[in-house]
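Welcome! Here is a short briefing on charged side chains and the contacts around them. Have a look at the sequence and the model first.

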Amino acid sequence: MIQSKRIDPLLKRAQDHEDEVARDLAERQRTLDTHLSRLDELRRYAEEYANAQMAATSPAQLLNRRAFLDRLDSAVAQQSQTVDSNREKVEAERARLILASRDKAVLEQLAASYRAQEKVVTDRRDQRDMDDIGARRSRQAQREDADNETGGTP
């Protein structure tokens, strides 16, 4: 069997794997974008709330305000950790995609090399066949010329 045909299923599998990893990366990136958006919203809200001028009429209201700001700060910190974790996942997925792309490229180069070798073999065989046909025709023409010179008798 021809080597380049044997590698085609491997190439297909490598392409499918690369596509799958690319889809996973896109999904991870969408998730990261969502978490980044949430973090931005939380930060804006916390900043607006902290900068809002509220007339506190009692120490209890001041404590409640401070407690709410602390909860907002905690939510921002937690969301920041979530973003960092998702960023790491995106980078890991990106590294997987690079590896999958390299693997596919290696197989593509190997297939191209096999096809080039097969073409050389085919071209040589075709040339040999053409040379054989040419040689047969030449011998036949020489025999016919010899027959014509001798009057057609062997």
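Being three residues apart in helix α2, Arg96 and Glu93 are separated by about one helical turn. Helices here are DSSP runs of H or I with at least four residues, numbered from the N terminus. Please keep in mind that this is a predicted model, where local features need pLDDT of at least 70 and side-chain atom pairs count only at pLDDT 80 or more, while totals for chains, interfaces and linings use all residues. Residues are numbered from 1 along each chain as its sequence is written, and side-chain values use heavy atoms, leaving out hydrogens and water.

- Arg96 and Glu93 form a salt bridge, with their closest N and O atoms 2.4 Å apart; the term means a side-chain nitrogen of Lys or Arg within 4 Å of a carboxyl oxygen of Asp or Glu.
- Glu93 is buried at 6% relative accessibility, whereas Arg96 is partly exposed at 35%.
- Buried means under 20% relative accessible area, exposed means over 50%, and partly exposed is in between (1.4 Å probe, protein chains only).
- Arg96 and Glu93 also belong to a network of salt bridges with Asp24 and Arg28.
- Asp84 and Arg87 form another salt bridge, at 3.5 Å between the closest N and O atoms, and they too sit three residues apart in helix α2.
- Asp84 is partly exposed at 41%, and Arg87 is partly exposed at 39%.

**A salt bridge between helices**

- How many salt bridges does the rule count? The count comes to 13.
- One joins the side chains of Lys104 and Glu18, at 2.8 Å from N to O.
- Lys104 lies in helix α2 and Glu18 in helix α1, so this pair ties together parts 86 residues apart in sequence.
- Lys104 is buried at 13%, and Glu18 is buried at 12%.

- Asn86, in helix α2 (residues 59–149), is buried at 8% relative accessibility.
- Leaving aside residues up to four places away in sequence, Asn86 touches Thr31, Leu32 and His35; contact means heavy atoms within 4.5 Å.
- Gln29 lies in helix α1 (residues 3–51) and is partly exposed at 25%.
- The C-alpha atoms of Gln29 and Glu91 are 9.4 Å apart, although 62 residues separate them along the chain.

Key. Helices (H or I, at least four residues) and strands (E, at least two) are DSSP runs, numbered from the N terminus.
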